[in-house]
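Biologist: Hello! I would like to learn how to read a protein structure, one feature at a time. Could you show me what to look for?

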Amino acid sequence: MTALLTIIILVFILVAIWQMVKIFDLAQAKNDNSQVATDKDNRINGYLMMGFLAFIYIITIVCFAKWGDLPLMSNSASEHGPIIDNLMIISMVIIFFVQTITQFLLHYFAFKYKGEKGKKALFFADNNKLEAIWTIIPVIVLAGLIIYGLNTWINIMGVDESDDPLVVELYAQQFNWKARYAGSDNTLGKANVRLIDMDRANILGLDEADPNAQDDVITTELHLPVGKPVLFKMRSQDVLHSAYMPHFRAQMNCVPGMITQFGFTPTVTTANMRKTPEMVEKVANINKIRVDKSQKIIAKGGEALDRYEFDYLLLCNKICGKSHYNMQMKIVVETQEEYDAWMKEQKEFKNSLVN
């Protein structure tokens, strides 16, 4: 009986909704439902365009004032870093200038030439002068940026072998990094993933018969001497990875089956970078956030978060799998003396094999 009453009530509700819809349709029948915009519609849309233009400019100013951090790029720690930063700043300034002008013209013209009865907008069916202007100017600007960028790229990639750069291999695999130093002969031994032998701890597949491989050093932390040119050789064991070192303005894909390379000269030690005012402020802000979060975690019975300390990092900048976020390696930039002392503590490849 209850089920029958429920069904009857639902039917009555549906009928009532149906009747209300019909009444609403009849009430709207007398209204003008024309799809043709009137002068009033055009005026409203014109004012909305100008309002949105004002919103764009206001929100941009607020963002610069509240969150802007000028200069746009800072804390580079490699010899070529300032050149990359300068190229980025020039590009951003040009983009910002063009965007500001074009957005104003777009919204202003939509307002100025809004539809009005009896009014016809002035237009040019063809104007060679205007077309030449908006074609030649972008061509010149883009050509300048491309030539500047290409020249910068050539200077960065053209590692001078006569400078006797430190040769280091970055080995990528899901989901970690390994660094292989070329040893005292500064020549990396031959390697192939088919030669990987976990039973003998040959984790990178070095050719055990190659004399150049005997003094190679494999580590899980990357140490670099400050002021020394470094030439990186990059390999991937499985999928496409990307070696990204943001503070050194360096990035290169690690492609399975081939060796890629990138070079730079570190200019700021880890210890000195930690002392810069910008980094001191950043670390203080991060630790303040961690303290606040730790209080909530402790209240729930958890352990407090560790204090943050700045370190250079090697990251993977390709989404390489489910643990991609965790693929990073610490980079330590130190004096030549500190680097030499650390290197003496490492095992050479010939001494790391398991017999």
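Modeller: Gladly! Let's begin with a term: a residue is buried when its relative accessible area is under 20%, exposed when it is over 50%, and partly exposed in between. Keep in mind that this is a predicted model.

Biologist: Let me try that on R200. Is R200 buried or partly exposed?

Modeller: The relative accessible area of R200 is 23%, so R200 is partly exposed. R200 makes a salt bridge with E208, and their closest N and O atoms are 2.9 Å apart. E208 has 31% relative accessibility, so E208 is partly exposed.

Biologist: What counts as a salt bridge?

Modeller: Look for a side-chain nitrogen of Lys or Arg within 4 Å of a carboxyl oxygen of Asp or Glu. Searching the whole structure gives 9 salt bridges.

Biologist: Which parts of the chain does the salt bridge between R249 and D85 tie together?

Modeller: First, the distance: the side chains of R249 and D85 meet at 2.6 Å, N to O. R249 sits in the loop between β6 and β7, while D85 belongs to helix α3, so this pair ties together parts that are 164 residues apart in sequence.

Biologist: Are R249 and D85 buried or exposed?

Modeller: R249 is buried, at a relative accessible area of 15%. D85 is buried too, with 7% relative accessibility.

Biologist: And what about K350?

Modeller: K350 has a salt bridge with E348, where the closest N and O atoms are 3.7 Å apart. K350 is partly exposed at 46% relative accessibility, and E348 is partly exposed with a relative accessible area of 26%. Salt bridges can also share partners: in this way E169, R180, D216 and R235 are joined into one network.

Biologist: Now the sheet, please. How do strands hold on to each other?

Modeller: Strands of a sheet pair through backbone hydrogen bonds, in either a parallel or an antiparallel sense. Here, 5 strands form an open sheet with mixed pairing, in the order β4-β10-β9-β6-β7.

Biologist: Which strands stand at the edges?

Modeller: Those are β4 (222–225) and β7 (250–254); each has a single partner strand, so one side of each has no neighbour in the sheet. From one strand to the next, the twist averages 20°.

Biologist: Could we zoom in on one pair?

Modeller: Take β9 (residues 312–316) and β10 (residues 328–334), which pair in the antiparallel sense over 4 bridges. The bridge partner of L315 in β10 is Q328.

Biologist: Which helix lies across β4 and β10?

Modeller: That is helix α7 (residues 336–344), which runs at about 140° to β4.

Key
Residues are numbered from 1 along each chain as its sequence is written. This is a predicted model: local features need pLDDT of at least 70, side-chain atom pairs count only at pLDDT 80 or more; totals for chains, interfaces and linings use all residues. Side-chain values use heavy atoms; hydrogens and water are left out. Two strands pair if DSSP finds at least two bridges between them. Helices (H or I, at least four residues) and strands (E, at least two) are DSSP runs, numbered from the N terminus. Axes are lines fitted to C-alpha atoms, for helices over the stretch in contact, and angles run from 0 to 180 degrees between N-to-C directions. Contact means heavy atoms within 4.5 Å. Buried means under 20% relative accessible area, exposed over 50%, partly exposed in between (1.4 Å probe, protein chains only).
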